[in-house]
Amino acid sequence: MERGGLVNIVKRGGARASESFRRDKLHNSIVAACIGAGAPTGQAETIAKNVTEAVMGWLATKPEVTSHDVRRVAAKRLHTHHPDAAYLYEHHQTIL
Amino acid sequence: MDIVTSLAVVTLAALVHASFQLSVSVLTLLRSHSLGAKRSKARTLRLTTSFVIGAGVMTLLLLALFSLVLGQFFGSDAPDFVWAVACGLLVGVGLVVWSFYYRRGKGTTLWIPRVFARHLSERTKATKDPAEAFSLGLTSVISELLFIAAPLLVSALVLIHLPAPWQLVGIIIYSLVSLLSLLSIWVLASAGRPLSELQKWREANKSFLQFASGGALIVLGFFVYVCKILTDAAGMS
């Protein structure tokens with residue numbers, strides 16, 4: 001079984017139903033942030049793969065986390081690879 | 001008010017309109033989602049272009065509607081109390097913009113109803129073809145009506161007393177000038193500027209933009225008050 005697959009993600013504010021961690025969802029959101037920050041697609045995929053692996057390593061010992069925690073940890077890891085993408089990733093929900 | 005002064009008022013009102021950030025935020029999100037979904041540059045360009053055209057069309061239609069309604073009620077010259085209401089609205093909205101335009105905290109979150117913001121955000125994510133992007137442009141201007149109603153109202157009041165060809169010129173000037181901020185973001189983003197850079201600039205300068213928008217509304221309110229109401233009262237028109 002994939003690491004992180006059984007981790008329960010509690011959504012923001014607890015208003016929406018929680019869901020299982022989905023690796024592809026995290027990967028795609030990081031790719032989107034990297035491309036938005038001007039990274040080429042290949043580099044974006046590589047960074048997303050590394051960040052997703054790091055987040056899954058962090059999730060390995062946790063049965064339940066909030067979506068905010070996942071975003072925070074992913075942004076921290078992403079910052080070491082691409083600070084501009086991390087900015088966009090962190091602030092995506094505060095654009096509007 | 002002569003034609004030059006009238007068109008200057010319309011231009012300043014349109015600049016105030018251009019300084020509001022809702023459509024710019026939606027355009028930023030639209031481009032971000034489109035790039036994130038790995039759509040081609042050409043497709044992303046079509047989406048963002050349709051959005052800008054939609055916003056322009058809705059602005060044009062709203063100003064034409066305001067002018068038509070005022071023209072139907074008051075003919076070619078509205079009474080002074082209507083001008084006074086418009087000036088009061090400009091100053092009031094200016095003070096509201098100074099106090100409340102952005103929500104506290106990081107980012108460029110606006111004081112629009114969260115239901116609107118969520119709807120726009122979800123629609124932006126779901127937008128896949130240019131027709132949807134066009135309608136999103138229309139909707140984003142309507143969502144901003146709370147702030148743009150005052151500059152639209154004063155522009156309409158100015159326009160209805162102009163000769164018909166100048167009314168058309170005024171409407172076109174307003175529509176084009178009000179799109180300046182959107183067009184700037186569209187050009188920069190289409191030319192390859194990263195969205196992170198544009199968003200960082202917007203966040204770093206949000207206080208200035210808020211001050212400029214509110215200040216310009218108040219200045220416009222006082223200018224129109226002096227130019228129209230006080231001049232009429234002094235019998236100099």
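A polar contact is here a pair of N or O atoms within 3.5 Å, where within protein one must be able to donate a hydrogen and the other to accept it, and where residues adjacent in sequence count only if both atoms are side-chain atoms. By that rule, nine residue pairs are in polar contact between chain B and chain A, both residues being at pLDDT 80 or more. This is a predicted model, in which local features need pLDDT of at least 70 and side-chain atom pairs count only at pLDDT 80 or more, while totals for chains, interfaces and linings use all residues. Residues are numbered from 1 along each chain as its sequence is written, chains are lettered from A in the order in which they are written, and side-chain values use heavy atoms, with hydrogens and water left out.

**Interface of chain B and chain A**

- Contact, meaning heavy atoms within 4.5 Å, involves 26 residues from chain B and 15 residues from chain A.
- The two chains bury about 1700 Å² between them, 63% of it on carbon and sulfur atoms, where buried area is the accessible area (1.4 Å probe) lost on putting the two parts together, summed over both.
- K38(B), S196(B) and K200(B) supply 27% of the area that chain B buries against chain A, more than any other three residues.
- Two salt bridges cross the interface, each being a side-chain nitrogen of Lys or Arg within 4 Å of a carboxyl oxygen of Asp or Glu.
- K200(B) forms a salt bridge with D84(A), with the closest N and O atoms 2.5 Å apart.

**Cavities**

- The whole structure holds two cavities of 30 Å³ or more, a cavity being a set of points on a 1 Å grid over the protein atoms alone where a 1.4 Å probe fits but cannot get out, with lining residues having an atom within 4 Å of a point.
- The largest cavity has a volume of about 70 Å³, volume being the space filled by probe spheres set on the points, which are joined across faces, edges and corners.
- Thirteen residues line the largest cavity, and H17(B), S23(B), S178(B), S181(B) and L182(B) lie nearest its centre.

How values were computed:
1 Å grid on protein atoms, 1.4 Å probe; cavity = no way out; pocket = protein on both sides within 12 Å on 5 of 7 lines; lining within 4 Å.
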